[in-house]
Amino acid sequence: MNVFVIMILGFLVVCAVATAFTKSLLASVVIYMAYSVLMCIIWMLLQSPDLAVTEAAVGAGVTSVLFFITLKKIHAIRGDEEEDHHEEK
Amino acid sequence: MKKNESFWQKLLSLDEISYENPLDEQLIDAETDQPDSVLRQQSPVEYAFAEILQEEKQEELYIAERLEANSLHAWVGRQSKKWAKPVYSLLCALFCVALVVFLMSTVIELPPFGAADNPTNNEVAQRYLEKGLEETGAVNMVAGMILDYRAFDTFGESTVLFVAACSVLLLLKLGDHKDGEVSPAMLEAEWDDRHHEPKNDAILQMAARVLVPVILLFGMYIVLAGHLGPGGGFSGGAVMGAGLILYLNAFGFRKTGRFFTYKTFRWVTFVALMTYALLKSYSFFCGANHLESGISLGTPGAILSSGLILPLNICVGLIVMCIMYAFYTLFRKGGM
């Protein structure tokens, strides 16, 4: 159990640092989602399942979706197809 | 060589790019006529042509954007001193380390987790735990605390969420507030949405068909059983909101528009907040003291028990659900 907790805390720190240092904004948001899921497990281990549910729904769900839309609106997400299209020209 | 040529041609013709949507004329026509149906009744050829035009414009805009970014980058490079960047990085690192040391020293000073002689284990918590079940009737002590003893705190939280939704509405809502009126900006957003967002995605739709009812049911369960077990208005509302967002993603605005419009959002949020205010705002006038509601608390553990906690949970759940959904729609299209 203890090893599991330490592993999750380690992953949490790795996720937090990776969110800040990733170049791609899209990857950064995905890592942030992973951070939220880990946080959700930690809430479960701290015996607060209500917070775990909220974290999963808001942190990993709604917030990331809002980030995705924002990235799409400012054209920060570019699909491979489009990228190839530009390189051909 | 040919690559470069076409690139420079584009560069030279940059000035001529108009930043208008090629569909603008049609859109304005559509506005005076019947707004939505005209857009839909375009012949496939016209639609394909407009799409190609739009794509070309997008591409030109993209190149213009990139050029601008490059020139900005070059300008910044020219303006900055050579030693500025390492000094800046060093200061950043120093600041981060100082912050970490400061916060960690505070954390080390904290009493151990769950120890019996912690300062949080005082007579307040003791009274809540000993008398809570008897006084509020809620088996879940957290619900008894946040929706009975401290209900005015939760009212403040719901209002904060509502104010956040209001500011997003002010910033992102397109068009007039009168229902049924369609402005050119709204039509353009509508077109953009239909063009770019996923539609008729078989995998997504199948997954949504299975998942959405389960998610909504689970959210309702969390809200309704908030006084019996872990959960409550906020978590349940967030889960329901996420379910609605999934449904919208899979099936589009035309399906969700049947049961959830801007009007629904306004009325549900208004009614839920006003109910909450009517039931609990007396706390502000009597100094957070308890008033007898006259409703019997019922048997602890039954679904219809613990007085006002269940209706308050439903109010909070509805507010949170509507606001989550509204955030998503406003971000995506600037309307519902």
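1. In which sense, left-handed or right-handed, does H13(B) cross H14(B)? In this predicted model, the crossing in which H13(B) passes H14(B) is left-handed. By class, the residues in the contact of H13(B) with H14(B) are 12 nonpolar, two polar and one charged.

2. Helix H13 of chain B covers residues 262-280 and helix H14 of chain B covers residues 309-333, and the two pack at an angle of about 150 degrees with their axes 9 Å apart. Because angles over 145 degrees count as roughly antiparallel, H13(B) and H14(B) are roughly antiparallel to each other.

3. The residues that bring these two helices together can be located in the structure above. On the H13(B) side they include Phe265(B), Val268(B), Ala272(B), Leu273(B) and Tyr276(B), while among those they meet in H14(B) are Leu312(B), Cys315(B), Ile319(B) and Ala326(B).

4. The secondary structure of chain B comes to 14 helices and zero strands, and 23% of the 336 residues in chain B are buried. Among the contacts in chain B between residues at least 6 apart in sequence, 74% join residues at least 24 apart.

5. Ile215(B) counts as buried because it has 22 C-beta neighbours inside 10 Å, and the cut-off for a buried residue is 20 or more. Leaving aside residues up to four places away in sequence, Ile215(B) touches Val239(B), Ala242(B), Gly243(B) and Leu246(B).

6. The last point concerns the meeting of the two chains, where 18 residues of chain B are in contact with 13 residues of chain A. Helix H11 (233-251) and H14 of chain B each supply at least two residues of the side of chain B that touches chain A, and the largest share of that side, seven residues, comes from H11(B). Sorted by class, the residues on this side of chain B are 12 nonpolar, five polar and one charged.

Key. Residues numbered from 1 in each chain as written. Chains lettered and ligands numbered in written order. Predicted model: local features only at pLDDT ≥ 70, side-chain atom pairs only at ≥ 80, totals over all residues. Axes fitted to C-alpha atoms, helices over the stretch in contact; angles between N-to-C directions. Helix = DSSP H or I, 4+ residues; strand = E, 2+ residues; numbered from the N terminus. Parallel < 35°, antiparallel > 145°, perpendicular 65-115°, else oblique. Left-handed = near helix turned anticlockwise from the far one by under 90°. Contact = placed C-beta atoms within 7 Å. Nonpolar A, V, L, I, M, F, W, Y, C, P; charged D, E, K, R; others polar. Buried ≥ 20, exposed ≤ 12 C-beta atoms within 10 Å, placed from the backbone.
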